[in-house]
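This report describes a single protein chain in plain terms. Please look over the sequence and the structure before reading on.

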Amino acid sequence: QVQLVESGGGLVQPGGSLRLSCAASGSIFSIYVMGWYRQAPGKQRELVATITSVGTTTYRESVKGRFTISRDNAKNTVYLQMNSLKPEDTAVYYCNADGSDSDQRLFGSWGQGTQVTVSS
């Protein structure tokens, strides 16, 4: 079983910055892709950014140039640096990891979510 624990959310003014972290733990053999998703009230969960084990990244169009995803493979941790935050970035942010465990079984795990609120 693989667990993901997020941290770093909070309240920030428009134009401000936050850094989210997500650490994976458990019987991990390899994590292929880690990513961040978000869900605003009344809306569907949407992809924000992903990063592979070799550092290939993808971003949703609305966060390009403002958000940066990175990971520390040795720590099984993924980060999301969010700059120039806008009120429309307000959402619960979820971490996701896809990989294989020590028994070579595939897994897909989600964190519990962390609230990001952008407001003056």
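A charge sits over a ring if NZ of Lys or CZ of Arg is within 6 Å of the ring centre and within 35 degrees of the ring normal. Arg19 meets this rule, as it lies over the face of Tyr79 at 4.1 Å from the ring centre.

The model is predicted, so local features need pLDDT of at least 70 and side-chain atom pairs count only at pLDDT 80 or more, while totals for chains, interfaces and linings use all residues. Residues are numbered from 1 along each chain as its sequence is written, and side-chain values use heavy atoms, with hydrogens and water left out.

**The sheet**

Strands (E, at least two residues) and helices (H or I, at least four) are DSSP runs, numbered from the N terminus. Two strands pair if DSSP finds at least two bridges between them. An open sheet is formed by four strands in the order 1-3-8-7, with antiparallel pairing. Strand 1 (2-7) and strand 7 (67-72) are at the edges with a single partner strand each, so one side of each has no neighbour in the sheet. From one strand to the next the twist averages 15°; for such angles, axes are lines fitted to C-alpha atoms, for helices over the stretch in contact, and the angles run from 0 to 180 degrees between N-to-C directions. Strand 3 (residues 18-26) and strand 8 (residues 77-82) run antiparallel and are joined by six bridges. Within strand 8, Val78 is the residue that stands opposite Cys22.

**The disulfide**

Which residue is joined to Cys22 by a disulfide? The partner is Cys95, with an S to S distance of 2.1 Å. A disulfide is a pair of cysteine sulfur atoms within 2.5 Å, and by this rule the count is one. Cys22 belongs to strand 3 and Cys95 to strand 9 (residues 91-101), so to speak of the chain, the link spans distant parts, 73 residues apart. The torsion about the S-S bond is about -80°, so the disulfide is left-handed. Both Cys22 and Cys95 are buried, where buried means under 20% relative accessible area, exposed over 50% and partly exposed in between (1.4 Å probe, protein chains only).

**The aromatic pair**

A pair of aromatic rings is described by the distance of the centres and the angle of the planes. Rings of Phe, Tyr and Trp (its six-membered ring) pair if their centres lie within 6.5 Å; planes under 30 degrees apart count as stacked, over 60 as edge-to-face and the rest as tilted. The structure has one such pair. The ring centres of Tyr37 and Trp110 are 4.9 Å apart and the planes stand at 65°, so the pair is edge-to-face. Because Tyr37 lies in strand 4 and Trp110 in strand 10 (residues 106-110), the pair ties together parts that are 73 residues apart in sequence.

**Loop residues**

Ala40 is in the loop between strand 4 (28-39) and strand 5 (46-52). Leaving aside residues up to four places away in sequence, Ala40 touches Thr90 and Ala91, contact meaning heavy atoms within 4.5 Å. Asn76 is found in the loop between strand 7 and strand 8, and Ser84 in the loop between strand 8 and strand 9. Neither is a glycine, yet Asn76 has a positive phi of about 50°, and Ser84 also has a positive phi of about 50°.

| Residue | Relative accessible area |
|---|---|
| Tyr37 | 21% |
| Trp110 | 40% |
| Asn76 | 22% |
| Ser84 | 40% |
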